[in-house]
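Try each task before you read its solution.

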Amino acid sequence: MQPSIVINREYGSGGREVGRLISERTGMRFYDTLILQEAASRRGLPADLLSSFDERIATGQFFDLSIIGGSDPETYSLPFRMYGAIAEVVTEAAQTAPAVFIGRCADQILRDANLRFRNVFIYSTDLERKIERAVDVDGVARKDAERHIARMDKARVRYQQFLTGTRLGDYRTYDLCLNTGRLGYATCADIILAADAGAPS
């Protein structure tokens, strides 16, 4: 069975789009927000709870332990309960069939489960495209876009460090690091698929 593909990425780099191209070309199931939806359903949680969890992580509310420590145990345990729900979905999906996973610490989850996967980091040197993403998708004022990009990247680093003890973007932990600003989405997808085609079974 071919390995699953995990794509971690910088904000605005197009990692999600690369993953979607791979999914369309191969028929592999695509897990992005679907992970959150299935995790919430499986644990009997409100559908919007995990989305709210993601938003609170993006603003850094779960990473000041002095604040969390002073709150009730239910709030304190929320990041870990959410991560457990996500890990359950990712692991079961990969055991069923190879899939494409976007973020959510899926690389560490699959590593812990001893499941095969191709680990990819997508970044971009095209700052203008990142700014357009912040403006068009997130509704950020153009003058604030670079600060928003930096904040979102920092939040993703904090998220992974907090929950797994690993560092997002450390090139030594990835099989491939690809720059969509130079290569484009389609070429990045081609390279990932070519790497999988040449991998030992």
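Start with this: both Phe121 and Tyr174 are buried. Keep in mind that you're looking at a predicted model.

**Exercise 1. Work out how the rings of Phe121 and Tyr174 are arranged, and where each residue sits.**

Solution. A pair of aromatic rings is described by the distance of the centres and the angle of the planes. For Phe121 and Tyr174, the centres are 5.3 Å apart and the planes make 35 degrees. Planes under 30 degrees apart would count as stacked and over 60 as edge-to-face, so a pair in between is tilted. That's the label for Phe121 and Tyr174.

**Exercise 2. How many aromatic pairs does the structure hold? Classify the one made by Tyr31 and Phe101.**

Solution. The count is 2. Tyr31 and Phe101 sit 5.2 Å centre to centre, with 25 degrees between the planes, and that pair is stacked. Now find them in the fold: Tyr31 belongs to strand β2 (residues 29-31) and Phe101 to strand β3 (residues 99-102), so the pair ties together parts 70 residues apart in sequence. Tyr31 has 4% relative accessibility, so with a cut-off of under 20% it counts as buried. Phe101, at 0%, is buried too.

**Exercise 3. Is Asn8 buried or exposed, and which side chain does its own side chain meet in a polar contact?**

Solution. First, find Asn8 in strand β1 (residues 4-9). Its relative accessible area is 3%, so Asn8 is buried. Then look for a polar partner: the side chain of Asp107 makes a polar contact of 3.2 Å with that of Asn8. Finally, list the neighbours. Leaving out residues up to four places away in sequence, Asn8 touches several residues, including Gly103, Asn119, Gln160 and Leu168. Phe121 and Tyr174, from Exercise 1, are also among the residues Asn8 touches.

**Exercise 4. Zoom out and describe the whole chain.**

Solution. Begin with the elements: the chain has 10 helices and 5 strands. Of its 201 residues, 47% are buried. Then take the contacts between residues at least 6 apart in sequence: 71% of these join residues at least 24 apart.

Definitions and conventions. Residues numbered from 1 in each chain as written. Predicted model: local features only at pLDDT ≥ 70, side-chain atom pairs only at ≥ 80, totals over all residues. Heavy atoms only, no water. Helix = DSSP H or I, 4+ residues; strand = E, 2+ residues; numbered from the N terminus. Buried < 20%, exposed > 50% of the residue type's maximum accessible area, 1.4 Å probe, protein only. Contact = heavy atoms within 4.5 Å. Polar contact = N/O pair within 3.5 Å; in protein donor to acceptor, adjacent residues only side chain to side chain. Phe/Tyr/Trp six-rings, centres within 6.5 Å; stacked < 30°, edge-to-face > 60°.
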